[in-house]
Amino acid sequence: MSEVRVYADLPALSAAAAQDIWDLAQEAVAHRGRFSLVLSGGATPEALYRELAAEPMGSSMPWSRTHLLWGDERCLPPDHGQSNFNLARRTLLSGVRIPSQNIHRIPAELGAEAGAEAYARELRYLFRDQGEERFDLVLLGLGADGHTASLFPGTAKTSGGLTAAVRGPGAEPAVDRVSLTPAAINLARTAFFLVSGANKARALDRVLNDPQGSLPAAMVRPERLVWFVDRAAAGIRPRAAPGP
Ligand code: 6PG
């Protein structure tokens, strides 16, 4: 099931997504005793992460029962300015009381292959008592070329398994990556795409209107999928201000 929700702008989109994440966290903890949340990289989720760290959510999210993971990571040190972990550390982790053992960073600094293998081991261990690696919620962004996580056009055809080593993706930063595979993402109960900006409108239109297409974001088909998009990404131009 896929649903598209259009918001006026990125702040409104981020506030709405934060509320839905809060709701899903309460439901997951009530029914399964924990909430597994896969974070996205890039710039779009920054406002959302700050929402989750700010009050009232900062102290009412069930952080002690929440496990944070990542959909992908660049092969950079975790304190590097372009590390997806570092983005989350600056905007979310540093502001909330989450146990360190609940933070499952992708060790991409080991290199793409070693990092992918280590992360897959961590995922299997985290879900060992569930019989399968089912994330409660995966957050995803959309690149202007239709990529998501580090699944890029032409490289997204990954083998099975949970994680993939992505060599020379041809995207900035031009470093190798570690990514969840489409199969791992599609095991999720729910996935949220957060898409903002006119530069994403063409890719969004292609993914929504050509779901069988080759774009990696079109390979995301979990049990429940919600697109949080702003008007610019939806191709809705601002109405001209009324004339004098
Ligand atoms: C990454 C992200 C990537 C991102 C998109 C959108 O590591 O870069 O995981 O998939 O979500 O490229 O990025 P923006 O939000 O910066 O537009």
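**Close-up views of a predicted model**

View 1. Strands and helices are DSSP runs numbered from the N terminus (E, at least two residues, for strands; H or I, at least four, for helices), and two strands count as paired if DSSP finds at least two bridges between them. This is a predicted model, with residues numbered from 1 along each chain as its sequence is written, and local features need pLDDT of at least 70, side-chain atom pairs count only at pLDDT 80 or more, while totals for chains, interfaces and linings use all residues. Side-chain values use heavy atoms, leaving out hydrogens and water.

**View 2. Strand β5 and its partners.** Two bridges tie β2 (residues 35-39) to β5, and the two run parallel. Look for L37 opposite L137 and V38 opposite V138. With β8, β5 pairs in the parallel sense over four bridges; there, L140 stands opposite F193. Both faces of β5 are covered, with L137 and L139 buried on one side and V138 and L140 buried on the other. Buried means under 20% relative accessible area, exposed means over 50%, and partly exposed is in between (1.4 Å probe, protein chains only). In a regular strand, side chains alternate between the two faces of the sheet.

View 3. β4-β7-β6 is the strand order in an open, antiparallel sheet of three strands. β4 and β6 (163-166) are its edge strands, each pairing on one side only. The twist from one strand to the next averages 15°. Helix α5 (residues 112-126) packs on this sheet and touches β6 and β7, its direction making about 170° with that of β6. Contact means heavy atoms within 4.5 Å; axes are lines fitted to C-alpha atoms (for helices, over the stretch in contact), with angles from 0 to 180 degrees between N-to-C directions. Three bridges join β4 to β7 (residues 177-180), and E73 has V178 as its bridge partner in β7.

**View 4. The largest pocket.** About 380 Å³ of space lies in this pocket. Of its 27 lining residues, G41, G42, A43, R74 and H147 are closest to the centre. β4 (72-74) and β5 (137-140) each supply at least two residues of the lining. A pocket is an open set of points on a 1 Å grid over the protein atoms alone, where a 1.4 Å probe fits and protein lies on both sides within 12 Å along at least five of seven lines; lining residues have an atom within 4 Å of a point. Grid points are joined across faces, edges and corners, and the volume is the space filled by probe spheres set on them.

View 5. Most residues other than glycine have a negative phi, and most peptide bonds are trans. A cis bond joins E55 and P56, with omega about 10°; P56 is in the loop between α2 (46-53) and α3 (57-60). Another cis bond joins E172 and P173, with omega about -10°, and P173 is in the loop between β6 and β7. A149 has a positive phi, near 50°, and lies in the loop between β5 and β6. A149 is buried, at 14% relative accessible area.
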